[in-house]
Amino acid sequence: MSDQKKAEKEERIAIDEEYARIGLYSDPAKTKLFLGALEKRLEQVPESIPLLLQKGIFLRRVGELNLACEVYTRILEIDSSNKYAKNAVSILSGGCSFNSELKGLGPAPFVSVSNFFADSEIEDVFAKTLANREKFRPSGVGSKSPHYDPSKRDSWVWHDVGELRTRMQGLLRQQLPEYCDRLGMDCFEPGKIEVKVTNYLDGGFFRTHADNSIANGKTGRAISYLLYYHKQPKSFERGDLLLFDSDLDADVYRLSDFTRVTCAQNTLVLFPSPWYHTVQPVSLPGNRFEDGRMALGGHINYGDTHR
């Protein structure tokens, strides 16, 4: 076996192990058992903040975000100064501003906007995607010199999206002050707004990374966004976005603690680009292009005045 083949095999094993660990943390059957055990302990010590915090994490792992929000609200009833719970409630309730004062590992802020486009508009986006399927190429990694690396990312991308770019850029610029407020960011004059369409087919994934971090040289990206859409009814499973608890000062994250964001039709999701995240491998029987996990997404970059 050549050195290159050996390296590729080792990288594939590492990816499989990473997603196996994530799957273990979010396995529904195991989570149900863990939650049952936690509930029994909470019956004995109902105001145990460590146990309640753990319950909130379990619920976030499996995407039960409303229930998780209720748990963090209960924590604040016991200790109104708990910053982790404050941030979690702000993020999960969707109605408050994220407080960036928390130091150390903390939950990733995000904004979710349901029914972002009118039904006819999202149908038009889907139709344009199918009409331009021959323009899709394997997705690259890296912001300055994108290159194909199947050990880190497996998806298809269409960059020259024409009118979709203009439409998306206008809407994002218009709503940017609100999004910044909800994400706990100072409002800024945006620079380049990247817009592309990605499609994840069977086995498609995006390994854990940050879109703007110390590790990748500070790209200038401020906010990452994804507008999910797909053929109705949905044919694929998994492919969820996992947002990891991160410490931005130390540029680290915790693989066991994350918020699962599902790929809901016509839903826009935004989060600050320095936060670590991953796309779970997609399961798509038949592996047809038109059945894939699609997203109109990209990044809002800081303008020159911010640099």
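**Exercises on a predicted model: strands and a helix**

Strand S5 (residues 190-193) pairs with S15 in the antiparallel sense over two bridges. Keep in mind that the model is predicted.

**Exercise 1.** Work out which strands pair with S15, and whether S15 is buried or exposed.

*Solution.* 
1. Move on to strand S6 (residues 196-200), which runs antiparallel to S15 and is joined to it by five bridges. Here Thr198 stands opposite Ala295 in S15.
2. Next comes strand S8 (residues 221-229), antiparallel to S15 over eight bridges. One of its residues, Leu227, has Leu296 in S15 as bridge partner.
3. Finally, check burial, meaning under 20% relative accessible area. Ten of the ten residues of S15 (residues 293-302) are buried, so this strand is largely enclosed by the rest of the structure.

**Exercise 2.** Find which side of helix H4 is buried and what packs against it.

*Solution.* 
1. List the buried residues: Leu65, Ala68, Cys69, Val71, Tyr72 and Ile75. They cover an arc of only 160° around the axis, which puts them on the same side of H4.
2. Recall the general rule: an α-helix has 3.6 residues a turn, so residues three or four places apart point the same way.
3. Turn to the face away from the buried side, where Asn66, Glu70 and Glu77 are exposed.
4. Name the packing partners of the buried residues: helix H3 (49-61), helix H5 (83-93) and strand S11 (252-261).

How values were computed:
Residues are numbered from 1 along each chain as its sequence is written. This is a predicted model: local features need pLDDT of at least 70, side-chain atom pairs count only at pLDDT 80 or more; totals for chains, interfaces and linings use all residues. Side-chain values use heavy atoms; hydrogens and water are left out. Buried means under 20% relative accessible area, exposed over 50%, partly exposed in between (1.4 Å probe, protein chains only). Helices (H or I, at least four residues) and strands (E, at least two) are DSSP runs, numbered from the N terminus. The arc is that of the directions from the helix axis to the C-beta atoms. Contact means heavy atoms within 4.5 Å. Two strands pair if DSSP finds at least two bridges between them.
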